[in-house]
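Here is a short report on one protein model. Please look at the sequence and the fold first, then read on.

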Amino acid sequence: MAGKVRITLTKSTIGSNPKQRKVVEALGLRKMHHSVELADTPATRGAIAKVKHLVTVEEL
């Protein structure tokens with residue numbers, strides 16, 4: 001798990017749980033189709049798991 005992952009916000013956070021909105025914000029995602037590259041750590045994977053229906057993940 002030493003690589004990186006690219007996370008893209010593919011669905012809107014409108015209508016989602018406020019906790020899920022905070023997770024999306026904590027991942028660094030701002031708008032629809034915005035992507036960030038983060039280290040592939042267990043903490044990042046846990047955050048992705050909480051909002052997996054809103055994001056797409058690519059392994060780099």
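Thr44, Ala47 and Ile48 are buried in helix α2, which spans residues 42–50. Why do they sit on the same side of α2? They cover an arc of only 100 degrees around the axis, and this places them on one side of the helix. Pro42, Ala43 and Lys50 are exposed on the other side of α2. This is a predicted model.

What covers the buried residues of α2? The cover includes β1, α1, β2 (35–39) and β3 (55–59). The helix also has a defined direction against the strands. It lies across β1, β2 and β3, and α2 runs at about 25 degrees to β1.

## The sheet

Three strands form an open sheet in the order β2-β1-β3, and the pairing is antiparallel. β2 and β3 are the edge strands, each pairing on one side only. From one strand to the next, the twist averages 25 degrees. In general, strands of a sheet pair through backbone hydrogen bonds, in either a parallel or an antiparallel way.

Take the pair of β1 and β3. These two strands are joined by five bridges in the antiparallel sense. Within this part of the sheet, Val5 stands opposite Glu59 of β3. Glu59 is exposed, at 60% relative accessibility.

## Salt bridges

How many salt bridges does the structure hold? There are four. Side chains of opposite charge can pair when their charged atoms come close.

| Pair | N to O distance |
|---|---|
| Arg6 and Glu37 | 2.9 Å |
| Asp40 and Arg45 | 2.7 Å |
| Arg45 and Glu59 | 2.9 Å |

Start with Arg6 and Glu37, which form a salt bridge. Arg6 is in strand β1 and Glu37 is in strand β2, so the pair ties together parts that are 31 residues apart in sequence. Arg6 is partly exposed, with a relative accessible area of 26%. Glu37 is partly exposed too, with a relative accessible area of 41%.

Now turn to Arg45. Its side chain meets that of Glu59 in a salt bridge. The link joins distant parts of the chain, with Arg45 in helix α2 and Glu59 in strand β3, 14 residues apart. Arg45 also forms a salt bridge with Asp40. Is Asp40 buried or exposed? Asp40 is buried, because its relative accessible area is 6% and the cut-off for buried is under 20%. Arg45 is partly exposed, with a relative accessible area of 26%. Glu59 counts as exposed, because its 60% relative accessibility is over the 50% cut-off.

## A buried serine in a loop

One more residue deserves a look. Where does Ser16 lie? Ser16 is in the loop between β1 (4–9) and α1 (18–26). Ser16 is buried, with a relative accessible area of 13%. Its side chain reaches the backbone oxygen of Thr13 at 2.6 Å.

Key: Residues are numbered from 1 along each chain as its sequence is written. This is a predicted model: local features need pLDDT of at least 70, side-chain atom pairs count only at pLDDT 80 or more; totals for chains, interfaces and linings use all residues. Side-chain values use heavy atoms; hydrogens and water are left out. Helices (H or I, at least four residues) and strands (E, at least two) are DSSP runs, numbered from the N terminus. Buried means under 20% relative accessible area, exposed over 50%, partly exposed in between (1.4 Å probe, protein chains only). A polar contact is a pair of N or O atoms within 3.5 Å; within protein, one must be able to donate a hydrogen and the other to accept it, and residues adjacent in sequence count only if both atoms are side-chain atoms. The arc is that of the directions from the helix axis to the C-beta atoms. Contact means heavy atoms within 4.5 Å. Two strands pair if DSSP finds at least two bridges between them. Axes are lines fitted to C-alpha atoms, for helices over the stretch in contact, and angles run from 0 to 180 degrees between N-to-C directions.
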